[in-house]
Structure formats: structure tokens, C-alpha cells
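Let's take a walk through this model together, one piece at a time. Have the sequence and the 3D view open side by side as we go.

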Amino acid sequence: MSESDHKTDIATSYRQSKREMYVMICVWVVVGLWVLGYNSQAAYAAENEVPLRMLFGMPRWVVFGWLIPLGMANVFTIWFCLRFMKDEPMEELPEEE
Amino acid sequence: MTEPFHILASMAGNAALISFAVYMVFVFVLAGLANREQSGKSFLNEYFLGSRNLGMWAFAFTYAATSASGGSFMGFPSLIYTHGWVMALWIAGYIVVPLVAIGLIAKRLNQVARKSGSITVPEVLRKRLGSEAVGTVATVLLVFFQFFFLLAQFKAGAKIMTTLLGDVSVYQSAVTLVGDLTNPIPWVGSAEPDYLLCLIVFSISVVAYTAWGGFRAVVWTDMMQGVIMGLGVIILLGLALNQVGGIGNATRELARQVPPRAGSATLMLKVEPTEVVTLVKGTWMELPEKEGRQQFVRLKDSAKFSVGQRVSENVSVILVRTSVENETEISSIRSQINDELGVDVSSLDVAGYQYGDDKSGVYISAPGPKSNSGLGFLPIMLAVSFFCFWPFAGAAQPSYMARQMAFKDIPTLRHSIIFVAVYFSMIYFPLIIIFTCGRVLLPGWEIDADRIMPEMATFLTTNAGVPWLAGLLVAAPFAAVMSSVDSFLLLVSGSVVRDVYQRRNPDASEVKMKKVTYWTTIGVGALAMVAMLNPPQFLQDLIVFGSGGLGASFLMPVVLALYWPRLTSQATVAGMLSGGGSMAIFYLIGYVVNGKFSGYELWSLHPFIWSVAVSAVVMVVVARNSPPIQAVLVEKYFGKTELMQ
């Protein structure tokens, strides 16, 4: 591989890593808006619920504000890792100093 | 407690000793095998990074096991038990931890570390920025903050061992012997002999296998420990749900619970004692029903009656007031009451929680009960803080970064993120269910909530007629602590050897480096052990200070070093110092305002958030106003010098 090809590879790899980082930050923001937005209402109002609203034996807010986002995030993680994240050639190790 | 329970608990104790012994044999076998792997390879690269060829299972398990430290299996259960379902919101950031904390920097960090031939985090920063000052500041901050972690884990390991082996007769004899030997020694003699014995055994074991086998031993034992943790949680979940009568029943009883009140009472024996009578900590007494709630008093400390003395005043107690509809909870408490005690309770002087007192539903909602704050356990802004804290403080922990520098290729990384996402889901969600069930099955453990994990393990297995299983279950938190201690130990010694000793002695032979490495690992471990002989009271706050300090010092400098070509060495030094310094200032303000060592939460936001924000702003401002770094470095790590514009 020529020197210029090698530099192009580094630049391409850097840009791809940056794209992946932006996607991860976006996912974090979306999950945050969902979990904190929904629970800021549902979880904080639950102590006054009579009768207690339950789903699958848990408080309802836990299912909609935690369990479902968790499942969705895991599904996205699987898609992201298998489809979006790109493989890069790993650099051979230089000799130790 | 009844006699049969003692016998079963003793069986559990013996089983725990056997489980522990078998477990330690496995750990040392793995360390020996790892030591053999070192031959023929570059010593430092193998000892500190396992020659950077970790496969999927090794990388995923070592990351997960190091992350799930003693806190996950001791502190977290204690918080769930004390505050209820709100802990799901507290830990909600973990929903994205595998993706963000690993994915954010792992790929770039691994590439930059390989390209620069770096073994430690300070070395990556030093070479990326081409500055000795960056490496020196990073080393000092890393060793300083990481050492707090190490100390805390040593204490946690020793504490778990004392619980694990509490009923074993051989152990009790050894404790007596240690007590006799150390009692006359100043300072050392003031430590509890059982804690002292366990601390010494724990320290020697973990330091020996870490020094012997290095990073590879740590990774292999992490794999074994990860399996134990996963199995332990799944078994506990099954037993808890079965014994509580299903999760629906647990949630309904929890919804009717109110927080206990704490204070003091006067105890009076019905019959004048003819010998010394001691009511042990945890003793229950039933009071008459009041306002639809069945009342029970539980001792927070033991109460002693001398011969002829019927009254004991100012005994520390909690008052548990549970709904008469909570059949499981009431029957659990009544099964622990000794009807032959003959004690009357009077002069009850108790105070309720500042948030949640007498409030049904407080354990199944946010912000959750809190004894010393009228805002509750988790006001919404604090929930926002923790949602930021877990993924980003996680990403910035050097112990995780060391692992991210060690995987062999990108497919390993991709599959590991998926594995960790599934593994964390299978650990943290069940833990919340288990310990909310714990509030119903084992009420009244507010007297010592940190013990709820081993107590639940013993209770559930004993009730299920399989007390020997407690050994495996209690081994789970022990494994979690060990997997964190070995990693932190290696990280601190790695920084000292690579970033300090080798920088000053670049021509040191491999034999010399080996000797220095072994002795540094042993020295750091010995220092931590000595420091923990008499652990300080405010240790938990020091842990939070340590983890937050690492996060604040390294998050922005590392992220920007990897993704921002314009970053300069001056900005990196300023970012590390301002991040770590801000944490220190927030703790100083907290000390002045709260009267104890704790972080000041401006607008209910965790100091970590403010410190990272300060670090980010400082770095951008300094980078814009300092000379650019050498173009050759940008070309080396980013490919194109135009990116500097």
C-alpha cells in the first residue's frame, strides 16, 4: 500500500468512526427524551394512583418508561453493530519503545 | 431466630467455605495458565494488555465483569431495598451504556493505541498530543482518583468474606486467634478481627493472582466471574419470585408499604434476669395494631441486660408499620419473632423519613423515599444527571479504556457490544425485581441495608431447602469485587511502571521491567490493604468522588483527542485539570454546605455534569487560543492535515 493510500484509509476510518459516534449520541438523546420525558410525568404521579396501575405485575411506568425503551435500545444496538458499524483493518503493532 | 434456621444457616456457611475454596483454586489455576502464556512475548504488552488479541467472549466478559463491581451486587441491591422501584429510573442510563460507553471511543481508542504503540491511557494522550506534560498530568490524576476505587473494593471484598464465612467454625477459631494476636498492636488492634482476617486473606489472594498472571489472568478470571454473576442473579430471581407469590403480589404489597421510622425505645424484661441477657441486633417485637397498620419494632443494635436489670433505655430501634393486608410481609416478620422473649417496649421516640413518611405508594413511584431530604431520593433533575452519568462516566473510566485497547479486531468489538447489552439487561433488571421482592420477603433490613444481598441469598436458599446454594450466590458479589480489584490494581501499577518508571529508565532490560512490575503490583496492593485496616466512615462518598473525578478528568480530553484534530496539548492539560479540579471544588463546597464530605448538587445536578461542562468549555477556549500541534501528529492519527482547519 502506498503512503497516500494509507493516509486515505486513516482519514476514511476516522470519518466513519465519527459518523458512528454521532449516531450513538443521537440514540442516547432519543432514549433520554423518551425515558425522562415519559417518566417525569408517569413515574412521579404513580404514588397518587388509586388503584395502582400495573402491567405484567410491575408499575405501569416501569414497563412503558424503562422496559420497552430497554428492549428497543437492545434491538437498535444489534442492528447498529451488525449493519451500521464498519469493520476496519487493524494496524499491526509497532515494536515497543 | 429459631434453632432450625441457625442449623441451616450454618450449613450455608460451610457450603460457602467450600464454594469459596473451589473458586479460589480455579482462580489460581487460571493465573498459572496465564503466566505460562507470557513466555516468548513482549512482557509489558502481554502483562498489561494481553498482547491485544482478546476475542469476543474474553473482551465482553472482562468489560461486563469489571463494570459490574461490588457496587452492583452490594450497594445497588441496598439502594433498591431502601428506595424501591425508583431505582429503575436511577439506572435508566444503563439502557444505552453498552452502545455509548463502549461504542463512543472503543474503535478509535484501539486504533490510536495501536498506531502509537501505547499500553496505558496516559501514554495514548501523551503520544497523540506529543507532550510530556499531558502524560504526566494524566498519570497523576489517574493514580490519584483510581486509588480511591481500589481502596473501596478492598473494603467491600473483606466485608463480603466476613458475611460469607460468618458461621464457619474454623473461621471463628481463626478470628479469635487474629484478635488475640493483633489486640496489643496500636492502630491495627482497633480493627474488628474478623474484618482484619478477611482483609488480609482477600488482599494476599487477589494481589498474588494478579501479579502472577497479569492482564490475561485478570481477563480469564473475569470470564469465570461473569458467568458466576449471571448464574447467581438468574437463580436468585427464580427463588425470589417463587417465594413471594409472583411479581404482582410483591408490587401490590410494596405499594401498601410505608418507610420505617427510626429512633430509640425503652425495653423492659417481664422477668428479672438471673444471668446476662443479650437481645441481638435484628431482634423483632410486635406491638398492637394502630390505624390499619400492624406495628413491629426491630433492634438496630444489640441490647444487654445485666443480672437483676430489667430495663434497658435508649435502645436504637426502627418501627415498621405495615398494612394489615400485607400477608406475606407480616408472616415473614412473625416467623422471625421469638415468642418466649418476654420483652415490653415503651417510651418509643421515633422520627419518620423527611420524604415518604406515612405515604403509601412511595416505593413504587418516583422520587422514592428519603430519610434526610424533603425532595425525595431522585428529584427529576438528579434523574437527568444519572442518565448522563452512567454512559459518559462509564466511557471515561481508564479501567474500561484499558480493555478497549485490548480487543483484537472490529468484529470482536461489534459482537461484544451486543453481548454486553444482553448481559446487562439480564443482570440489572432482575436485580431490581429481586430486591423489591426483598422488601416483602425480608422486611426491616433498613437496620443494615448493605447486608441485604447475602441475607437474601441465605434466606431464599434456606427456605427452598438448598442452603448449600448460598455459597454460589454469595460468590457472585465476591466475584464482582475481585474482578474490579484485579483490574484497578493492574491499571494503577501499569501507569506507575509504564508512565513513570520506564520513562525515566528507557533502557531497562526486560528482566528488570518484570521485577519492577511484579513489585509495583504487590506494593500497590499492600498499600491499599494497609490503608483499609481502619476504613474511614465516609468511604462511600470517596468512591463517588473517585469515579466522578476520573470521569470529569478524562471524558472530554480523551473524546476530543480521538475525534478533534485541532486539539492542542495545552487544551488537554487544561481540560484534565479543570475537570478534576471542578469535582474537588464541588466537594469542597458540599463539605462547607452539608457539613460532611459530599458533592454539592447545584440545581440538583450531579457535580460530574458541571465538571464535564467546565472541562469542555475550557478545552475549546484554550485550543482556540494556543498554537496548533505538529502537522505530523494530525496526519498520523487523522490522515489529513486539512482537518486542522
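How many residues of domain 1 of chain B are in contact with domain 2 of chain B? Nine are, and they meet 13 residues of domain 2 of chain B; "in contact" says that the C-beta atoms of two residues, placed from the backbone, lie within 7 Å. By class, the domain 1 side of that meeting has six nonpolar, two polar and one charged residues. Here Ala, Val, Leu, Ile, Met, Phe, Trp, Tyr, Cys and Pro count as nonpolar, Asp, Glu, Lys and Arg as charged, and the others, Gly among them, as polar. Domain 1 of chain B covers 3–247 + 386–534, and domain 2 covers 260–351, with bounds that come from an automatic or database domain assignment. Taken over C-alpha atoms, the centres of the two domains are 38 Å apart.

A quick word on ground rules. This is a predicted model, where local features need pLDDT of at least 70 and side-chain atom pairs count only at pLDDT 80 or more, while totals for chains, interfaces and linings use all residues. Residues are numbered from 1 along each chain as its sequence is written, and chains are lettered from A and ligands numbered from 1 in the order in which they are written.

Now for chain A. Its secondary structure comes to two helices and two strands, in the order α-β-β-α along the sequence; helices (H or I, at least four residues) and strands (E, at least two) are DSSP runs, numbered from the N terminus. Of the 97 residues in chain A, 29% are buried, where buried says that 20 or more other C-beta atoms lie within 10 Å of a residue's own, with C-beta atoms placed from the backbone.

Where the chains meet, 53 residues of chain B are in contact with 50 residues of chain A. Several helices of chain B give two or more residues to this side, including α2 (43–49), α7 (106–116) and α16 (410–441). The largest share, eight residues, comes from α16(B). Sorted by class, the chain B side has 31 nonpolar, 12 polar and 10 charged residues.

Ser365(B) counts as buried because 28 other C-beta atoms lie within 10 Å. Leaving aside neighbours within four places in sequence, Ser365(B) is in contact with Ala43(A), Tyr44(A), Ala46(A), Glu47(A) and Val86(B).

Back to α16(B), which also packs against helix α11 (residues 193–244) of chain B at an angle of about 35°, with the axes 9 Å apart. Axes are lines fitted to C-alpha atoms, for helices over the stretch in contact, and angles run from 0 to 180 degrees between N-to-C directions. The residues of this contact divide into 17 nonpolar, two polar and no charged.

Helix α9 (residues 132–165) and helix α19 (residues 510–531) of chain B pack at about 65°, with their axes 9 Å apart. Leu150(B), Leu151(B) and Phe154(B) in α9(B) meet Ala528(B), Met529(B) and Ala531(B) in α19(B).

Last stop: helix α3 (residues 56–67) of chain B. Since 10 of its 12 residues are buried, α3(B) is largely enclosed by the rest of the structure. Among the buried ones are Phe59(B), Phe61(B) and Tyr63(B).
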